[in-house]
Structures are given as C-alpha cells and as structure tokens.
Amino acid sequence: MDRTELKELLKPFEARCAERGKPLEGICVEDAFPGDISTSFIVQVKAPWVDEMYCSDAIDFLFDILWETTDEEIRKKVFFIQVIDSQGELHCMSEPVVEQKSLQ
C-alpha cells in the first residue's frame, strides 16, 4: 500500500469526521520512515476545530472515527496521527497507532 492508496482508503474516515460535526480541511500522508516503503505512514490532518479542544480529546475523537471507518489492515499502515490547528501549527500528535490498538 502506498501513500496515494492509503489516502483514498481514508476517505470514509474524513467523511465520518464531517458527519460528526468535526470536518477536516485536509489529510496529508507522509512516510514515517522516508525511503522505506514497507513501513507505515504519518497521517496529518488539518482540523481547525482543535483550537478549542484539549489534545487528548481531539486524538480520542480521531481514533474513535479511525476504528469505526477502517479495518486492521488500513490501521496497520498508520504509524501515528498529527493534528494541525487553524494556524497551520502542530497542535498535537498521537502515540503510535499500534500502541493505541492495545488500549481499544
């Protein structure tokens, strides 16, 4: 699975965020380990609504939606999620998804 395919497979995730009243202005998928295509990716979401939220609440929301809208194969390709605020600044990032999986 490459970045383009993962971004396409995350469309239901993006749509569900909007349905739940927290639309994303965009999703960017980057290599977690540049040059190693066998590993997972960083999913960066621009979410202006995080300006008024605690980081943990934003990450919890995004993980809930990720688990609702993707299967294990897709989640294995997400190393972690970075959340960008309305100013284009990094608001927060998750722990690696693999660790989150054990918490679910």
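Start with the contacts (heavy atoms within 4.5 Å): among those between residues at least 6 apart in sequence, 57% join residues at least 24 apart. What you have open is a predicted model, where local features need pLDDT of at least 70, side-chain atom pairs count only at pLDDT 80 or more, and totals for chains, interfaces and linings use all residues. Residues are numbered from 1 along each chain as its sequence is written, and side-chain values use heavy atoms, with hydrogens and water left out.

Now switch to cartoon. You'll see five helices and four strands (DSSP runs numbered from the N terminus: H or I of at least four residues for helices, E of at least two for strands). Trace the chain and the order reads α-α-β-β-α-α-β-β-α.

Next, select α3, residues 55-69. Its 15 residues reach 21 Å from first C-alpha to last, close to the expected 21 Å (1.5 Å times one less than the number of residues). Colour its buried residues (under 20% relative accessible area, 1.4 Å probe, protein chains only); among them are F61, L62, I65 and W67.

Stay on L62 and show its neighbours. Leaving out residues up to four places away in sequence, L62 touches F13, C17, L24, V45, W49, I81 and V83.

Which residues have the most contacts inside the largest nonpolar core? Select F13, L24, V45, L62 and V83; the core has 27 residues (buried Ala, Val, Leu, Ile, Met, Phe, Trp, Tyr and Cys joined through side-chain atoms within 4.5 Å). α2, β1, β2, α3 and β3 each supply at least two of its residues, and the largest share, eight, comes from α3.

Definitions and conventions. Buried means under 20% relative accessible area, exposed over 50%, partly exposed in between (1.4 Å probe, protein chains only).
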